[in-house]
Amino acid sequence: MFVEINNANNTEKLLITDALWFAKEKLLPKHKNLDIEINLKKKLDVDAYVIDGDYKRHFIMEVRKCQDKDDLLTTIFHEFTHIAQAVKGNDIFSLDHCDVNYSDRWFEKEAFEMQEKLLTEFELERLNN
């Protein structure tokens with residue numbers, strides 16, 4: 001997995017990198033060819049979003065800067081769940097989902113569930129190391 005993180009301080013970069021590798025091992029342990037570009041932005045109306053990149057398995061994640069640690073982690077885990085969904089062949093970036101309320105979309109329900117589960121597991125693993 002190749003990760004590029006833009007507009008982050010060293011603490012944010014380390015935390016995001018650790019979280020991404022953790023999520024990858026949990027959700028996509030057999031996939032090696034991922035290219036994830038993360039851009040932290042001060043002015044973002046949502047916590048984050050991820051879009052399909054320019055080539056296969058390239059993803060661009062825009063993340064609101066200045067979130068506290070737990071919020072940043074759950075945001076990264078939420079968006080990485082979407083990356084895993086896409087890698088597994090689910091077309092979550094399709095406009096076909098626009099007519100379904102955001103909170104009713106199956107892939108959003110899964111991402112909200114996984115963000116909490118991954119946060120708990122991540123924190124437990126860090127305590128034990």
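**Entry 1: the pocket.** I looked up the largest pocket and found 23 lining residues, with Tyr-49, Glu-79, His-82, Tyr-102 and Glu-108 nearest its centre. By class, I noted eleven nonpolar, seven polar and five charged residues in the lining. The volume comes to about 460 Å³.

**Entry 2: what I am reading.** This is a predicted model, where local features need pLDDT of at least 70 and side-chain atom pairs pLDDT 80 or more, while totals for chains, interfaces and linings use all residues. Residues are numbered from 1 along each chain as its sequence is written, and side-chain values use heavy atoms, leaving out hydrogens and water.

**Entry 3: two helices.** Next I turned to α1 (residues 10-27) and α3, which pack at an angle of about 110° with axes 11 Å apart. That makes α1 roughly perpendicular to α3 (65 to 115 degrees). Their crossing is right-handed. From α1, Leu-15, Asp-18, Ala-19, Phe-22, Ala-23, Lys-26 and Leu-27 meet Met-114, Leu-118, Glu-121, Phe-122, Glu-125 and Arg-126 of α3. This contact has eight nonpolar, no polar and five charged residues.

**Entry 4: my terms.** A pocket is an open set of points on a 1 Å grid where a 1.4 Å probe fits, with protein on both sides within 12 Å along at least five of seven lines; lining residues have an atom within 4 Å of a point. Helices are DSSP runs of at least four residues, strands of at least two. Contact means heavy atoms within 4.5 Å.

How values were computed:
Points joined across faces, edges and corners; volume = space filled by probe spheres on them. Nonpolar A, V, L, I, M, F, W, Y, C, P; charged D, E, K, R; others polar. Axes fitted to C-alpha atoms, helices over the stretch in contact; angles between N-to-C directions. Parallel < 35°, antiparallel > 145°, perpendicular 65-115°, else oblique. Left-handed = near helix turned anticlockwise from the far one by under 90°.
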